[in-house]
Amino acid sequence: MKSTNRITREDIIRLKLKKKRKIRFIISTTLCILLILGIVGYTVVKKHSAKDAMKGGQIDVGIQADIGIGHISRIDYSDIAVDEEIATTVPVLDPETISAIEFVVPETSLAPVEEIEGNNWYNDAIFERASEEPVDLNYFTSSVFIGDSRSEGLILYSGLPHLNGFCYKGLSVDKLTSDQNIYINGYSGKYSCYQAISMTSYDSYYCMFGINELGWVSIDAFIEDFSAMLDHILSVNPDAIIYVESILPVSKEGSESSDVYKQERINEFNTKILEMCMTRGDVIYLDIASAVMGEDGYLPSEASGDGIHCNADYCKRVIQYIRCNTYKKK
C-alpha cells in the first residue's frame, strides 16, 4: 500500500508562506520592542542629562596630592565598622602642643592680613563676631575644610599639622554625592563628601568651590548644588557654623592666557555666591580672596607658580584671615 503522507507542491507553498509570515511577525515585534526601548532610554537620558547640559564642560584643576582627613537626607552609616588599626595609628596632637606651634605669616607685597577688611557678610540677627583677636590654633581641631585642590593646598602648605579636610584635586559640587575619594580617620576605605559629612561632626565648616566649575554654562546649576550641600551639613549638624568662602583670584597672566580661568568669571561667581548666602541667611560669606588679592584684583605673580594655586606664604595668609574673622551664634 502506498503512503498517504506524500507532501504535495501545494503543501510546500503553504509552509513557505507560513514561515514568511512568522519571520515577518518576529521582525515587526522586535522592531516595536526596540522602538519602545529607544523611546524610554531617550527619555531617561534626557532627564538625567538636562542639568549636565546646562553645566557644560569643565576642567579639573589641582595639585597632584590627594588627601581627605577626616538625594539630600541624612544617611545612616552606623553599620560601618571602625578599623581598629587605623584608629590606633592616627596621630593626635594635644591642645598644649597645638597652641605651642609657631605659626608665622611671612611678609609679602600685600598689607598684613590683620589690616585687611574683606567683604564678609553675615546675618547679624543670628551671628556676631567671636573675637577681635586671631583665634588660638586649637580652633581648627573642631573645623573642617571642604573643597577642591585649593582647599587641599591650605592643608598641605599652611604648616599646621592638625587641619581637617574633605577635599581633593578636581572635586566639584556635582561630585559631592558620587565620587568616593575621601579618607576618614578611624575608618577604612574611601567615602563621598556627603558620606564624610554624615559620618563626622565639626563646629565650623569652611566651604570653597568654583574654580573647577568656571566652565559651566549655568551658574545657577552651580549655586543649586552648592546650596544643597549646605542643607546637607545643617541636616547633619544644625548647630554648625558654615563659612562659604569666596573663590580665590588667579594671576593676571593666568587670566589673560586662559579661556576658562578668567578673573571676570571668578568675580561673577563670587557675586552669585554672596547672593546665595544673603538669600539663605543661615551661613556666613567669608571673603578670603581679599587676603591674597592685589590692588588690581588679581593674585600677585609672587603668590603662585601656576597662577591658580597659592604657594605656602599665601596659604598662610588665608589661614590667618580665617583666624582673624571668626563668628559665633548669638
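Predicted model: local features only at pLDDT ≥ 70, side-chain atom pairs only at ≥ 80, totals over all residues.

Reply: Residues are numbered from 1 along each chain as its sequence is written, and side-chain values use heavy atoms, with hydrogens and water left out.

The protein has nine helices and seven strands. Helices (H or I, at least four residues) and strands (E, at least two) are DSSP runs, numbered from the N terminus. Of the 330 residues, 46% are buried. Buried means under 20% relative accessible area, exposed means over 50%, and partly exposed lies in between (1.4 Å probe, protein chains only). The protein exposes about 17,600 Å², with 54% supplied by carbon and sulfur atoms. Accessible areas come from the Shrake-Rupley method with a 1.4 Å probe; for residues, only the protein chains shown count as cover.

Now the salt bridges. There are six in the structure. A salt bridge is a side-chain nitrogen of Lys or Arg within 4 Å of a carboxyl oxygen of Asp or Glu.

Start with helix 8. Arg265 lies in this helix. Its salt-bridge partner is Glu268, with the closest N and O atoms 3.3 Å apart. Glu268 and Arg265 are separated by about one helical turn, because they sit three residues apart in helix 8. Glu268 is partly exposed, because its relative accessibility is 39%. Arg265 is at 18%, so it counts as buried. What does Arg265 touch, not counting residues up to four places away in sequence? Leu214, Trp216, Val217 and Ile219. Contact here means heavy atoms within 4.5 Å.

The side chains of Arg280 and Asp231 meet at 2.9 Å, N to O. Arg280 is in helix 8 (residues 263-280) and Asp231 in helix 6 (residues 219-236), so the pair ties together parts 49 residues apart in sequence. Asp231 is partly exposed, with a relative accessible area of 36%.

A further bridge pairs Glu128 with Lys328, at 4.0 Å from N to O. This pair links distant parts of the chain: Glu128 is in strand 1 (residues 127-129), Lys328 is in strand 7 (residues 327-329), and they are 200 residues apart. Glu128 counts as partly exposed at 31% relative accessibility. Lys328 is partly exposed as well, at 38%.

Two other features complete the picture. Helix 4 (residues 149-157) and helix 9 (residues 312-324) have axes that come within 9 Å and cross at roughly 100°. Helix 4 is therefore roughly perpendicular to helix 9. Axes are lines fitted to C-alpha atoms, for helices over the stretch in contact, and angles run from 0 to 180 degrees between N-to-C directions. Angles under 35 degrees count as roughly parallel, over 145 as roughly antiparallel, 65 to 115 as roughly perpendicular and the rest as oblique. From helix 4, Gly153, Leu154 and Tyr157 meet Ala312, Cys315, Lys316, Val318 and Ile319 of helix 9.

Finally, the surface. Ile23, Ile27, Leu31 and Leu34 form a nonpolar patch with about 390 Å² of accessible area together. Patches are made of residues with over 30% relative accessible area and no salt bridge; like charges are joined within 9 Å, nonpolar side chains (Val, Leu, Ile, Met, Phe, Trp, Tyr) within 5 Å. Leu34 belongs to helix 1 (residues 9-55). Leu34 counts as exposed, because its relative accessibility is 52%.
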